[in-house]
Number of protein chains: 2
Amino acid sequence: MDRHDQDRGATTIVTNAPDLVDVVALGESMVTFLPTRPGRLADVSSFERGIGGAESNVACGLAAAGHSVRWVSRVGADGFGDHLVSTIASYGVDVSAVHRDPSRPTGVYFRTAGDRGTDAHEVAYYRAGSAASAMSTADVDLGTSRVLHLSGITAALSDSCLELMRKLTAPREGRPLVSFDVNHRSGLWRDADGPRVLLELARGADVVFVGEDEAEEAWEVTGGPSSIRELLPEPGVLVVKQGATGATAFVSAAGECGLVAPRGGAAYRHGPAPLRSADDPGVQGVAPDPRRGGTPSARASETPP
Amino acid sequence: MDRHDQDRGATTIVTNAPDLVDVVALGESMVTFLPTRPGRLADVSSFERGIGGAESNVACGLAAAGHSVRWVSRVGADGFGDHLVSTIASYGVDVSAVHRDPSRPTGVYFRTAGDRGTDAHEVAYYRAGSAASAMSTADVDLGTSRVLHLSGITAALSDSCLELMRKLTAPREGRPLVSFDVNHRSGLWRDADGPRVLLELARGADVVFVGEDEAEEAWEVTGGPSSIRELLPEPGVLVVKQGATGATAFVSAAGECGLVAPRGGAAYRHGPAPLRSADDPGVQGVAPDPRRGGTPSARASETPP
């Protein structure tokens, strides 16, 4: 019997998977260091610690919204690993499948408060050889979930991580719904293969998220959301993020992922999300207090180099 | 004509080495992050930036004492590299031979305020693959100096750094006086070769510094300073550091390094250095203001993992 469905009074499902959760999110999280005042990294002398990680941010957000969520990753057997695991657990996320690596450190990064895309924005990653970069098909135990959430960042971390991502996005019997956030980070790829690999992985996913700007940067698609859909017709759902403008979602009629769509498919246009003020601690990248209903900010915590 | 001797009114030396300095110190320096309050790394949320590096600490101290000193190293072409170079230059150290690496980062480390050797002491290094680890015989330009100061840490950074250290401690015509601080850091060595390599390098140096405790840890010498001298008879000067007790210096009669010693050699016993209070910013690891005559604290800035 599935404990989560029972807890919510939903239809009881008899299953042999006692670890079944709504969503498994897999990926690296890092401890972040954010300056206490504006300025260049060379000039700022004190930093506040936060946490960052595209997939664990999704996990925390979904857990806060009432879903059962497991975060699967690797961290160092060190103080920063302790901090990541306990902070993410404090949002109600299951962290029991997070492996501790005694010989590889937890990744960290520093960034300035400057806006992305401006000269004032600097990011310094210390994630090469991190515990999470050693994720592999032999090492990771996802358990059972209805949805598996992944991002393209994981594919860039190491050869073993790329192999894992290829396995998880390959077709197989009984696969969970695979959600994939492209998250192209050109600075993380050791070679020029990033765009090609990300397209290959996205084609294997059921739900894909990609920024209109990153699709242009990675794949040189300039015709807007429809052109991106032409390049990526396979996923049942494609969400093109358009920054302050909102987003466009394409839903195919195939219904392979169990989503309801009109015959022939449809495109939905979404307005912009509510603005968050600069005083919002989530925007500053410092993990807000889950007891106050906050969740880490994906925007602030995974920034391109 | 040597500008430094001229400036001090010393004997004028005609030389073809316009870059002649008293001392060249070669080694990695890192940006350090020190908690603003006691506690484990997992629990501390804000950090103050400092700088650390055994060899650059020596360089800053000697420059503050009026010597002409050059620091030779590699740092990333990043904000932390800018900070290291400008801070060390502010002590009057020549940093013109420091190479900037566009593809490798400046090393950083975090540590707690707990005393070394206690459970409360944690250090997290992020220096693997750093800019300085790429130092090599092909890359480093030392210029000309009377003294070359090195430490055993450099030998542990990479194969190319070890090759460089072997070259610099090998006998050759016109070699400067080579000063070598053993600085055994077991956590930095990728294999069990550290102690053997450090002994080999120390035997090639003219002046060697080693802690009584580290000689015991690395070489299993338990008989005190005289036993360490028996293991290391080659250097003209051997200084055995004995923590709060002081130090013992052995000076050979050979006079190879131009030092004055009584016929037959001698051992000198030095009392302890003045205690520094815990409020001393140098002890906290934050670089003190050189305008107030402070120098970075070697004790605080290079701590064993």
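In this predicted model, B:Phe110 and B:Tyr126 are both buried. The value computed for B:Tyr126 is a relative accessible area of 7%, which lies below the 20% under which a residue counts as buried. The ring centres of B:Phe110 and B:Tyr126 are 5.9 Å apart and the ring planes meet at 85°, so the pair is edge-to-face. Because B:Phe110 belongs to strand S7 of chain B and B:Tyr126 to strand S8 of chain B, the pair ties together parts that are 16 residues apart in sequence.

Over all chains, a search of the whole structure returns 19 aromatic pairs. One of them is formed by A:Tyr126 and B:Tyr126, with 6.5 Å from centre to centre and 70° between the planes, an edge-to-face arrangement. Since A:Tyr126 is placed in strand S8 (residues 123-126) of chain A and B:Tyr126 in strand S8 (residues 123-126) of chain B, this pair joins two chains. A:Tyr126 likewise counts as buried, at 8% relative accessibility.

The relation between the chains was examined by superposition. Chain B is superposed on chain A by a rotation of 180° with 0.0 Å of shift along the axis, at an RMSD of 0.0 Å. The two copies are thus related as by a two-fold rotation axis. Within chain B, the C-alpha nearest this axis is that of B:Phe47, at 2.7 Å from it. The same surface serves both copies, in that 100% of the contact residues of chain B recur in chain A.

Two helices of chain B were considered in terms of their packing. In H5(B), which spans residues 159-168, the buried residues are B:Cys161, B:Leu162, B:Leu164, B:Met165 and B:Leu168. Seen down the axis of H5(B), these buried residues fall within an arc of 160°, so they line one face of the helix. On the other side of H5(B), B:Asp159 and B:Lys167 are exposed. The elements of chain B that cover the buried residues of H5(B) include strand S1 (21-26), strand S9 (145-151), H4, S10 and H6. In helix H6 of chain B (residues 194-203), the buried residues are B:Gly194, B:Val197, B:Leu198, B:Leu199, B:Leu201 and B:Ala202. These residues pack against several elements of chain B, among them helix H4 (152-157), helix H5 (159-168), strand S10 (177-181) and helix H8 (225-231).

Two serines in loops of chain B were also characterised. B:Ser68 is located in the loop between helix H2 (54-64) and strand S4 (69-72) and is buried, with a relative accessible area of 6%. A polar atom of the side chain of B:Ser68 lies 2.9 Å from the backbone nitrogen of B:Asp22. B:Ser103, by contrast, is exposed, with a relative accessible area of 61%, and has its place in the loop between strand S6 (99-101) and strand S7 (108-111). Although B:Ser103 and B:Ser130 are 27 residues apart along the chain, their C-alpha atoms are separated by 9.2 Å.

Methods
Residues numbered from 1 in each chain as written. Chains lettered and ligands numbered in written order. Predicted model: local features only at pLDDT ≥ 70, side-chain atom pairs only at ≥ 80, totals over all residues. Heavy atoms only, no water. Buried < 20%, exposed > 50% of the residue type's maximum accessible area, 1.4 Å probe, protein only. Helix = DSSP H or I, 4+ residues; strand = E, 2+ residues; numbered from the N terminus. Contact = heavy atoms within 4.5 Å. Least-squares fit on C-alpha atoms with pLDDT ≥ 70 in both. Arc of directions from axis to C-beta. Polar contact = N/O pair within 3.5 Å; in protein donor to acceptor, adjacent residues only side chain to side chain. Phe/Tyr/Trp six-rings, centres within 6.5 Å; stacked < 30°, edge-to-face > 60°.
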